[in-house]
Amino acid sequence: MDSSIFLSFINHIKNLINESFDKMAAMFRFRKLYFLEPNKCSETALKTLNKPSNIDEKQLFQTPKVDKKDEKSLSNVEKDKEKPKKKSDNKKHAKEWRRMDTCCWLIGYFCTTWGVLMLMLNSLPSNLLFLRVPEAPGVVLKREGLTALHPVVLVPGIVTGGLELWEGKPCAEDLFRKRLWAGSFTEIFRRPKCWLEHLSLDNETGLDPPGIRVRAVPGLVAADYFAPGYFVWAVLIENLAKIGYEGKNLHMAAYDWRLSFQNTEVRDQSLSRMRSRIEQMYASNGYKKVVVVPHSMGVIYFLHFLTWVESPPPMGGGGGPGWCAKHIKAIMNIGPAVLGVPKTVSNILSAEGKYIAYIRAMAPGILESETLGFQTLQHIMRVSRTWDSVISLVPKGGETIWGNLDWAPEEEHECDSTAMKPLELSSGQKNGNNTERMSNFISKKLTKYGRIVTFGKAASELPSSQLPKIGTQDFTLESSSRMSNNSCEEVWTEYDEISRESIHQVAENKAYTATTLIDLLRFIAPKMMERAEQHFSHGIAENLDAPKYNHYKYWSNPLETTLPIAPDMEIYSLYGVGIPTERSYVYKLSSSDKCKTSPFQIDSSADGGGNSCLKRGVYLVDGDESIPVLSAGFMCAKGWRGKTRFNPSGIRTYVREYRHKPPTSLLEGRGQESGAHVDIMGNVALIEDVLRVAAGATSEELAGDKIYSDIMRMSQKINIQL
Amino acid sequence: MTALRRRKGIENTKNSENGEVKLDEESKKLVEKSKESFPERGLRRKWRCVDNCCWFIGFVCSIWWLLLFLYNAMPASFPQYVTEAITGPLPDPPGVKLAKEGLKAKHPVLFVPGIVTGGLELWEGKQCAEGLFRKRLWGGNFGELYKRPLCWVDHLSLDNETGMDPPGIRLRPVSGLVAADYFAPGYFVWAVLISNLAQIGYEEKNMHMAAYDWRMSFQNTEVRDQTLSTIKSNIELMVATSGKKVVVIPHSMGALYFLHFMKWVEAPGPMGGGGGSDWCAKHIKAVMNIGGPFLGVPKAVSGLFSAEAKDIAVARAMAPGFWDKDVFRFQTLQHLMRMTRTWDSTMSMIPKGGDTIWGGLDWSPEEGHECQGSKPKNNNISTTGRNSPRNSTDNPIKYGRIISFGKDVAELHSSRIERVDFRGAVKGNNLANTSSCDVWTEYHDMGIGGVKAVADYKIYSAGSVLDLLGFVAPKMMKRGSRHFSYGIAEDLDDEKYDHYKYWSNPLETKLPNAPDMEIFSLYGVGIPTERAYVYKLSPSGDCYIPFQIDNSAEGGDESCLKGGVYSVDGDETVPVLSAGFMCAKGWRGKTRFNPSGMRTYIREYNHAPPSTLLEGRGTQSGAHVDIMGNFALIEDILRVAAGASGNELGGDQVHSGIFKWSERINLQL
């Protein structure tokens with residue numbers, strides 16, 4: 001690759017030379033000077049050539065053709081020889097340009113060039129640069145004759161929605177109705193403390209802290225772009241518009257994603273607003289049912305909505321049974337976090353994910369030593385722990401779904417086959433890997449994904465019989481002996497209240513499954529869990545008819561609610577596969593006992609070798625980089641498929657997977673066939689599916705399931721009463 | 001200093017013949033400009049010039065960046081400090097003041113923006129507008145207007161026949177509060193009001209901006225975008241979630257739009273919203289019209305007639321060549337006229353009520369008005385100067401003649417003017433050879449005979465202006481007459497008034513049956529406002545608009561005639577008569593237009609221009625849009641939104657002669 005690029009580059013230069021002799025002459029004159037007085041020629045001069053200097057030299061010395069040319073030109077130049085000589089003589093005296101002037105000159109030069117380039121860019125016809133980009137799916141489908149039929153509701157996920165300030169502390173005086181979250185994020189850099197303070201919620205209530213009102217940005221702008229140039233919904237919206245969608249039949253149900261779902265209704269009436277908007281769009285678009293397109297956490301938010309809207313007030317919306325059947329045609333979940341995300345666990349435990357563990361491995365100093373005084377991770381942890389919605393993403397269904405100490409539905413998963421970036425693996429490496437894999441295959445060492453958190457790499461591989469058995473109930477909370485001296489009080493995380501001994505106890509228990517994990521969280525962050533567990537539940541219902549399941553805390557857990565009675569409705573699960581996704585973690589105790597670091601951190605030294613699924617303390621499975629296939633697909637593949645107790649009316653479900661393909665060139669941006677959690681919103685195939693359903697297609701026309709991963713086999717292994 | 005030093009440096013280099021530019025500089029230039037070997041001297045000269053340019057640009061850029069950096073690093077409250085240091089402590093904005101008093105958000109608030117102020121964004125466009133998807137074409141920074149003006153005009157026009165989208169173009173109103181908080185960056189419309197409401201606890205959930213496509217006729221916004229239904233369901237939602245009735249705040253044309261809405265929502269489907277006869281009583285606490293042109297605006301006539309208003313007439317007087325000789329081949333006014341004539345909504349603002357309201361040839365309600373007293377930028381002359389006795393002796397201005405051809409005609413008594421009726425006039429062949437005209441305005445169909453006939457009729461009052469417009473722009477008026485009506489109803493119970501075209505005319509509809517509702521009319525006074533025009537025929541006959549305001553018609557210092565425009569008291573756009581009459585007389589008490597006797601209030605705000613530049617557009621302005629930043633007005637709105645009634649505000653607050661003028665209007669109530 002590299003060499004071919006280099007060759008073409010050289011060719012390009014040759015052409016340039018051939019084209020203009022005069023130009024070459026001038027260049028050569030310059031080179032001659034360069035060779036005569038190498039010390040005097042500054043590097044900046046070379047850089048203005050817009051090429052790396054070494055290439056220049058190579059081009060001169062390696063390719064004989066060019067050299068010949070040079071010689072020719074040299075002879076040409078020879079005639080004008082005197083001129084350059086004169087100059088070079090004079091130059092020695094030329095020291096009058098002072099540094100300031102040179103600086104100004106340089107800046108001026110760049111500014112002018114920049115200005116000229118901008119002008120050219122602006123005056124260019126906008127399609128000139130992107131001629132090669134294939135037509136947008138919306139255009140293709142429009143030609144097929146598709147037009148807007150069903151109104152569309154978009155439900156954004158966590159983090160992607162914008163938040164703006166409506167009332168703030170004095171430090172945020174001039175930010176009224178400015179975005180604090182999403183957009184350009186400039187305020188983080190200008191006043192980080194102030195920013196964090198405004199984004200936190202009240203630790204006790206999970207609602208606004210006194211004197212601060214941060215609200216969701218309404219409308220399509222809420223989540224079309226997360227940051228300038230980083231699209232979330234924008235591509236989908238644009239394609240929908242191509243077939244005739246506009247404000248009246250396209251709605252973004254923006255909500256404050258920091259709050260628990262029921263609290264969005266209590267504080268902002270977000271659920272009521274969504275309901276009234278759906279009813280209004282239904283009525284004013286010729287009584288066409290709506291197609292709902294939730295993304296990520298929006299999926300469970302909308303699941304909550306489904307039960308809420310049919311439940312009687314005051315807890316529910318009072319739409320009565322049949323509301324969903326009447327108003328909703330299909331739910332097209334994109335990258336659904338239906339059963340939770342293991343990533344959440346590491347976020348809560350130590351405010352870190354794969355990336356942060358990676359950074360820590362690269363530069364161990366930065367995050368631990370608070371030379372900058374920022375305590376970044378601790379601040380993030382404190383803020384994100386006030387967000388109830390995070391708890392909604394803790395893995396649901398316990399050991400039945402996520403596997404226990406010795407078993408996991410994905411245990412046969414092989415990481416190498418889903419190796420992430422093919423560019424990284426040259427063919428030689430691949431061969432080596434293959435043989436290794438073969439040997440590995442024989443030994444058949446199954447990864448124990450069920451242990452979502454283990455302390456130490458060894459513990460993650462031992463058979464369960466060798467693990468110490470300490471019940472999570474045995475943890476003792478000795479709040480009297482606080483592990484920290486009060487001097488480092490700035491950031492309060494609940495870790496400060498846990499004694500050193502109990503932290504050791506936590507670590508001694510070695511392995512935690514999805515079930516015991518919740519106990520662990522309850523232990524290390526009691527207040528947060530107490531608050532959040534009023535709003536979310538993570539179990540599996542024994543008997544769905546029990547009256548307790550009328551409470552809203554169960555509504556967002558698909559394993560503890562029934563779908564509404566709406567036999568004509570369809571539920572799609574659209575997600576990417578083929579990207580390694582975090583599934584379980586190897587932890588260690590932090591080396592420093594100071595209060596300023598969280599006591600646990602991912603053991604980034606735990607690496608399983610070339611083809612293992614263990615990378616820097618993280619076990620990986622197939623998924624879309626955030627959500628494992630299991631969480632995204634299980635309900636549609638098994639839990640809701642056919643008439644089950646979770647789906648009493650037999651709503652049809654479909655699983656449509658999109659295999660990840662990284663963008664082939666830089667021009668493609670984030671790729672048209674990406675399967676990554678957010679980038680999939682620009683996936684052409686996915687957009688086409690959404691457009692077809694919105695324009696009235698049934699599932700048959702989409703050809704039902706489309707599966708690349710092992711989801712069916714994995715689901716088979718899960719033993720759940722249906 | 002640096003610049004000086006620099007210049008010295010240049011001279012030095014100039015003096016020493018052979019130049020002493022450093023080696024690397026030299027080589028850099030060689031590389032950049034490595035095109036040809038210039039002759040030695042010329043090369044050196046040229047580069048020096050380029051160098052100086054570059055140096056200068058670099059210098060400016062650096063300073064710019066430095067300033068930008070300083071600006072960004074500046075604490076946010078710094079401008080306020082400066083302002084306070086110069087002008088003394090500023091009064092608290094009303095929101096802060098009232099929050100201290102303990103006012104809390106109570107009633108949900110609905111904003112209805114007016115014409116022009118709402119943003120429009122592109123959803124589907126022609127080739128030339130590629131890349132503008134969901135970008136604002138109207139509102140915002142208007143960047144596209146300069147980049148591709150013809151494309152822009154094309155996209156903003158509506159279909160000439162239907163008044164709906166032209167094929168292949170979908171321009172839609174921006175939704176949400178952002179639709180009209182700022183019209184252009186830094187030019188607030190609703191933003192000040194919104195931030196003050198937020199101070200007492202309002203937020204997105206109990207504030208709603210009823211953005212609509214202001215180019216279309218009111219009923220068409222429902223047909224195309226279901227805007228009225230959306231407003232209805234939003235009001236219902238806000239009432240349901242808060243348990244309180246809404247306070248509606250329309251501005252400018254929004255007042256007419258909401259009048260239409262109130263009628264629509266109670267009318268049975270399919271033409272109406274089917275809300276039932278008590279919908280308004282159940283859902284609306286108060287309507288606080290800001291600068292509502294209930295009876296139309298004379299400006300609309302000149303806008304439709306010759307695409308110009310006072311401002312353009314002034315511009316024409318200043319630089320006569322610019323507009324008339326189409327040097328740039330832009331034909332700006334013609335394009336503008338063609339575009340605005342496709343907008344049905346402009347026709348909702350043609351003066352309503354005819355001669356009864358606006359005055360006949362020899363009579364008008366405002367005739368005693370004296371302009372001196374309301375001279376702009378002069379607060380000191382208060383009401384005392386206004387009603388001086390010399391009115392009676394003088395020849396009163398005949399405001400009733402909305403359009404007159406020639407200044408002398410505007411002043412003569414009607415019996416002494418010879419008029420030739422234009423209605424029967426034959427429209428001649430094309431005025432110009434059409435080939436030379438890029439822009440088609442309906443004037444081309446009129447012919448020389450038609451133009452002459454129009455001018456021969458000499459005077460047009462509010463009633464005959466309609467005929468005039470019908471004559472010069474038959475297609476537009478035909479389209480418009482399906483959606484708007486400008487008369488006065490004889491019998492309001494007549495079945496024909498169930499048609500939507502009457503709903504936005506307060507003189508042809510009844511207010512809903514809602515005795516607890518309150519209607520406020522809040523508007524600025526003290527600014528001369530266009531009321532009647534002196535026209536002349538355009539000198540050049542080729543495809544120009546054949547009529548233009550005669551800006552040479554001046555009445556002298558004391559007169560109300562300035563640059564061909566007679567002005568009266570008002571808020572710069574809407575005359576007092578139009579904004580105040582309905583609340584002062586037409587709806588006051590139980591009248592046939594207001595059968596349930598809902599209470600009406602007039603609150604006028606005397607215009608005081610900003611005292612310093614730092615104040616921006618002023619906190620006591622009375623101008624049509626700037627009044628949205630008027631502290632007194634904001635305070636009134638906040639109090640009502642927090643639950644106060646009109647009487648608690650202090651009832652009427654009148655500075656102008658509105659009651660006197662209303663008295664003169666002889667309207668059956």
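Mentor: Helices (H or I, at least four residues) and strands (E, at least two) are DSSP runs, numbered from the N terminus. On that basis chain A comes to 29 helices and 17 strands, and chain B has 26 helices and 17 strands. Keep in mind that this is a predicted model, where local features need pLDDT of at least 70, side-chain atom pairs count only at pLDDT 80 or more, and totals for chains, interfaces and linings use all residues. As for bookkeeping, residues are numbered from 1 along each chain as its sequence is written, chains are lettered from A and ligands numbered from 1 in the order in which they are written, and side-chain values use heavy atoms, with hydrogens and water left out.

Trainee: Why is F226(A) called buried?

Mentor: Buried means under 20% relative accessible area, exposed means over 50%, and partly exposed is in between (1.4 Å probe, protein chains only). F226(A) has 16% relative accessibility, so it counts as buried. Y230(A) has 34%, so that one is partly exposed.

Trainee: What makes F226(A) and Y230(A) an edge-to-face pair?

Mentor: Rings of Phe, Tyr and Trp (its six-membered ring) pair if their centres lie within 6.5 Å; planes under 30 degrees apart are stacked, over 60 edge-to-face, the rest tilted. By this rule there are 49 aromatic pairs over all chains. In F226(A) and Y230(A), the centres are 6.4 Å apart and the planes are at 70°, so the pair is edge-to-face.

Trainee: Which residues form an aromatic cluster in chain B?

Mentor: F305(B), F405(B), Y457(B), Y460(B), Y533(B), Y535(B) and F547(B) form one cluster. Some of them turn up in strand pairing too. Two strands pair if DSSP finds at least two bridges between them. Strand β10 (residues 401-405) of chain B pairs with β11 (residues 459-461) in the antiparallel sense over 3 bridges, and there Y460(B) is the bridge partner of I403(B). β10(B) also pairs with β13(B), in the parallel sense over 3 bridges, with F405(B) opposite Y535(B).

Trainee: How do you know that β10(B) is mostly covered?

Mentor: Count the residues: 5 of its 5 are buried.

Trainee: What does R341(B) touch?

Mentor: Contact means heavy atoms within 4.5 Å. Leaving out residues up to four places away in sequence, R341(B) touches L304(B), F305(B), E442(B), Y443(B), V472(B), A473(B), M476(B) and R479(B). R341(B) is in helix α16 (residues 332-341) of chain B, and at 5% relative accessibility it counts as buried.

Trainee: Is L70(B) buried, exposed or partly exposed?

Mentor: L70(B) has a relative accessible area of 49%, so it is partly exposed. L70(B) sits in helix α3 (residues 40-73) of chain B.

Trainee: How much of each chain is buried?

Mentor: In chain A, buried residues make up 54% of the 722 residues. For chain B, 57% of the 669 residues count as buried.
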